[in-house]
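Colleague: I am new to this structure. Could you walk me through a few spots in it?

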Amino acid sequence: MKKFILCIGFALLTISYHTHAQEGTQQEVREELTITGKVTDVNDQPLVGVSISISNAPGLGARTDDAGKYSIKAKRYQTLEFTFVGYDKEEFLLNEEKEVNIMMRESDASLINEVVVTATGNERRIAVTGAITTVDVERLKSNPSTSMADALAGQVPGILAMQRSGRPGEISEFWIRSISTFGASSSALVLVDGFERDMNEINVEDVESFTVLKDASATAIYGSRGANGVVLINTKRGKEGKININAKLEGFRSQFTQLPEFADGYTYASMSNEAKITRNQEPLFSDTELEILRLGLDPDLFPNVNWMDVLMRDYAVSNRSQLSFSGGGKTARYYVGGSYHNQQGMYKVDDALSDYNTNANFKRYTYRLNVDMDITKSTLLRVGVSGSLRKENDPGVGTGAIWTSLMGYSPIMMPLSYSNGRIPSWTGKNDNLNPWVQGTMTGYKETWQNNIQTTLNLEQKLDFVTPGLRFIARYGYDTKNNNWINRFKRPETWRIERFRTNGELIFTRTAEEMKMTQTSGSEGSRRDFFEWDLLYNKSLGKHNFGAVAKYMQSSEVFTQGLGDDLKNGIARRIQGFSGRANYNFNNRYFVDFNFGYTGSENFHKDYRFGFFPAFSAAWNVAEEPFLKDADWLSMFKIRYSHGKTGNDRLGGDRFPYLYDIETIYQRDSNWNIVKDSNGNPIATGGYQFADYQTTAYWGGMRYDQIASPYVSWEVALKKDLGFDFSFLHDKISGVFDLFYENREGIFMRRDFLPASSGLESEIIRINNQDRRFRYPYANVGKVESRGFDGNLDFKQQVNNVHLTLRGNLTYSKNKILERDEQNSIYDYRLQEGHRVDQARGLVALGLFKDYDDIRNSPTQTFGEVMPGDIKYKDVNGDGVVDGTDIVAIGATTRPNLIYGFGMSASWKGFDLNAHFQGAGKSSYFINGSSVYMFQGGDGWGNVLMDMANSNRWKLGENEDPNAEYPRLSYGANANNYRASSFWLRDGSYLRLKSLDLGYSLPKNLVNRAHINNARLFFIATNLFTFSKFGLWDPEMGSTDGKAYPLSKTFSVGISVNL
Amino acid sequence: MKVEKISKRWRSFHAIWLSMVMLCFVQCKESSDGGDEKPVAYDPGKPVSVTGFLPKGGGAGSNLVVYGDNFGNDVSRIKVMIGGKIAKTVSVKGNALYCIVPSEAFDGDVNVYILDEAGEEELAGGEAPEVFAYERKWVVSDLVGKYYEVGTQFEEKEGPFDDCGAFKNMIWFTFDPKNPNQFYIAAESSNARVVDLETRYVSYFRTPGIGRKTVILWRPDGDRDLLTAENHASDTRNAFYTFSRSSNFTQSQVINQVARGVNGAAVHPINGELYYSLYRVGVVYRYDLETGTNKVAFSNPFQSTAVFIVIHPSGDYAYITNYERSYILKSEYDHVNKIFRTPYPVAGLANSNGWSDGVGTSARLNRPVQGVFVKNPDYEEQGGDQYDYYFCDKENHAIRKLTPQGRVSTYAGRGNNGTNGYANGDLRLEARFNQPTAIAFDETRNCFYVGEQGNWIIRKISLEGE
């Protein structure tokens, strides 16, 4: 219904626009002249579809026909504007003429003149000295996701990205070049229209430019927070000229790329018997029971349910649409855009069971209004207002619980419902309900997020002071709030006894019915930003100077859900001053110095400000006189940069320089405060001041957190050597960068201080993890990373076919140089010298062949072993395989290599675009209830089809020491089921990320409908994947497959421009 | 005129808009799920044949799959007779059916009949070519108590077997030595009850003023009055009470002996002294009922554990069950000094609970409670100790058996290779218990009664049909 209203809205908008245009023309008809003429190119060939409009007047204008002829009504002294894609704009001031013939020139679109958005404004590519990548926004548009981050992997050299879940509304994580820290946040700084904002709130159609700043020279000016790289996004603004309307409608059909496939009930039961028998235990199912199961004679006790089929649809249908208007006159220009995105979840919804939607749906609405006003000749005011609303829906238990059950429920565990209508469940816990009940009978969860962003930008030319001087002041104010309402209920649930008594089922209730209850919550924040820039540009002959001074401050305050900690209500403020000076000689030699001096409230006032200088230089070899005439070389530039940037994001911790003092209360083993019968905490650690038989007990006080006053910025030293080149009239072009980064002063807790330091500490084991309290923080870690990124484009025209081939690659490797960690006599046990998040485990040598093999091998200390169990390497040679033999194996979960390549071709009205994306140098362990078959020992955990049918070790049948999976066991198997190279999987993959086929309707046809351009398109994403890993989608990097898989989508759509 | 022209020009434009609007409605119909193919109904034109069955033999209550042809798909229209007895049919699917072997199906011939729509008249039938090898065996069944699917609906009352509610907290059974039709149930803080097997009636055994009871026993002398102990946590209160048979167990008299935390107690069958254990201090005392003298018999190896005492009918030794420590000790009787000696372990390993059969300390138990000595006729030839000890292994949900040689095996429970539950049938293949705690052997009827703290009912282990 919403879709319907929206579409009607679109249609109404257009219709009202028509009527308005008609009235206008009729009123002014008296004074109008009819101008006719012909538009040609330099070769005197007629140009079809050129737009002719009247400057500073509303209306759609006119278009040239097949013969290049046009006719338009205009008044005297008005200016006619001729615009055509790929050609320079022409203007003509009308006087007495009735016929105006125009010749248009093709615009010079060579790479040299390409404009690059940088930290301090636009610059020509030729003048750039830092490592900056400009992303072709068009290429991000085919991605069906609402999140722009999803489209980045493999498109942008220097960006590493992965999509962890395909649930509608989930967003990808991405990072620039390398993860160089293990302490603080490793995510890049994203600036939208100059201020830190969420990239995923923007409709990609609203984006004008997308730029990635990678090295120190480009980011030092951001001082704070530039260390992880910066993404600059500028949104579209109106251009002087006729109104430009863009509309796009797209419908998607999405299905899962790969859903884990599970064994059927009979296979599952036979395998669980095998697991028992092979370990000399009694089988779980008698022959008769297996037979009952095979024949499907008892759907209550021995059902055979494919839970994936029960809960998952074959496909979901989604759509998105967007509409934008832009245009304007000499004094004001506007851009107005809106979009609607509706993604349907893949859960089957039973309408009969609830009159609300329980599917994992996601909807996003965005709007944007950008107005530029010339207040005076030299003053430009830009105002931007934008907002978004994200709405998410999920079943009451949540998607996480559903996937836990989907992977946990074996086909024979329980039926959908018992034959008497009762609802089964394994236990009373929410994530133990069967997936169908979870998906349809647990209520629903609504989450929504509102965002409003306001940007004010005042630009004053100060030519009256000195030519080339400009002043820009910027102010931004953003608010955001998240709200959720969870309406939860669950039915009365039952389980049955394992055996029929007298042929009857025996039921036990596992949980009583819970009527729908509601919980809700919200959180919110507001941010404001203020900046000013003073810019100066001057050219003296061949000498070009530039300088920028910049001041910035920003603050972020959480406005809801603050709790009782005073720290939470205090704004997070940043203040900085930065500058830049550059010089180039004849566009040939460039030098650039810039710095940031930034302060963060997270640090003590003596350590608050950091100074981050950077220097860079470039040599444009192609401009040298001896090469200037070389026709084959359009551009060749060598760049080098060297500088520092900082990072103040310390994770969740605020004000580490302050100490916390607490009253000592009795605590239990989970560090929860013990309360007395009245619910009051019990003080301890104090002194009884009272006389005999009276009470005056004063509880003790102590440091809850010791102050760390010396904590300061995490500093990255970055070096970058880059080459920009373009040969044979831009036929071959590319960029290649080598980079090196040394991150110092990584923020972390000093967990391994000796007791002799006198600092009190408490190590509490919570959920099998040691939590340390009261140790101070310090800047102690050090990580080095190096790598390269680059891209190469090749363009060729063969007859009517325009062909582009392109590829890009990012590779990085990091190494921890220093880290506060426990010492070990074995070097390999330290994290130092290894990658950040390096996978670790035992080295598997295959499976034990026989008992002789077990006797002749080092003793494995994890549990009893039998032939067919995993044999490990005794790394330290002490004759015993134990925890000290755990070494670094494989790479990291997040890929260290991301690449993409693709081609575009266009022929007449057709265009084709294919893009492949791949990742390498990543590995992860697989584990969990499905991989570690029958690990629970209680029937929980489904068996993957792939593993059931594999070449696994089978007693008497396949006693191959190199079998794919070890001897089965029922219940925990501490020897086999632990992290080792046996379970390590290569996460590399290559996939056809998108295939985009478009057809632009012939101009002469669409022009009649006043349409400039209409394109029909078909897009397929994630069409196929090559990977060594076959259990689930490799891109997710999931260890247990318990995640909403990624989608394969097919979409058709139309985009219209008029 | 002009307007018309313009609108003509817009027509194609509108068409495009319309098509874009239409695109929003692109929705595809879900295909409905096929599911399994429905088996065909009985075809009167074809004969009904029975080709075989699985398993080939077994006892009453076992699952049986019968193969054949043209069985139809309606359970109400099928009748299976095994050994001339009607077998309960669970489901039927064309060429196979699933039924339960009935009791006393001694002949073992398997016949399948198709009935008319009313389910009365036999229309057709077939007989299996082979005979089902029916065995008569020991099985678990229900004795008394209502099984509550929903625990909160629990009721407890006096009444006949089919209307007496459920039994919570049962911990100790004991037969009245003078009335083999009645046994008494100690049920901690719940009401003690009396089960009459002849009248099939359950009544309360009222003990006003006495709180938690974990044991009921009988005085050795005279009228064989009833003796019970209050398991309290006071160092200054008396614990033992006598209920006189002459008053029909309504009049009680306290014995002047302070005792705290009495869980187990037993009377020596020959010499008549009372032994009782104290929880906190871990000591077993010997109390002379005649003289009222009280002294330490021996110290239990552990303190803070419930210790249950069962004395061999000959009086030669006693099994000392350490509940929290999951093992059983044996204490030999010093006939000269008339006192039990310091015990030694015979089954299970202290503080290491688990479920494994084996000899002596290599076996594993998990919170054993009451046990009972049962004469084994097989031992008659070899002489020596004639009794096996059957005991409730509560957290293993099984009845275990300890032979005079110290071999521990699992006698009943944990059917289908599982743990707890509620299922009747074959002792080891099918039956399941849930926290069996109390056990008694009925020598007149040759069967066991087992009280479960998990299922709140009393089960019976007997030869099928008895």
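Predicted model: local features only at pLDDT ≥ 70, side-chain atom pairs only at ≥ 80, totals over all residues.

Colleague: Is A:A62 buried, partly exposed or exposed?

Modeller: A:A62 sits in strand 3 of chain A, residues 62-63. The cut-off for a buried residue is 20 or more other C-beta atoms within 10 Å. A:A62 has 22 such neighbours, so A:A62 counts as buried.

Colleague: What distance separates the C-alpha atoms of A:A62 and A:N1012?

Modeller: Along the chain, A:A62 and A:N1012 are 950 residues apart.

Colleague: How many residues of domain 2 of chain B are in contact with domain 1 of chain B?

Modeller: Chain B is divided into domain 1 (49-134) and domain 2 (138-463). Their centres, taken over C-alpha atoms, are 43 Å apart. On the domain 1 side, four residues make the contact. Of these, one is nonpolar, three are polar and none is charged. On the domain 2 side, the number is five.

Colleague: Is B:E188 buried, partly exposed or exposed?

Modeller: B:E188 is in the loop between strand 13 (179-186) and strand 14 (192-196) of chain B. Its phi is near 50°, a positive value in a residue other than glycine. B:E188 has 17 C-beta neighbours inside 10 Å, so B:E188 counts as partly exposed.

Notes. Residues numbered from 1 in each chain as written. Chains lettered and ligands numbered in written order. Helix = DSSP H or I, 4+ residues; strand = E, 2+ residues; numbered from the N terminus. Buried ≥ 20, exposed ≤ 12 C-beta atoms within 10 Å, placed from the backbone. Domains from an automatic or database assignment. Contact = placed C-beta atoms within 7 Å. Nonpolar A, V, L, I, M, F, W, Y, C, P; charged D, E, K, R; others polar.
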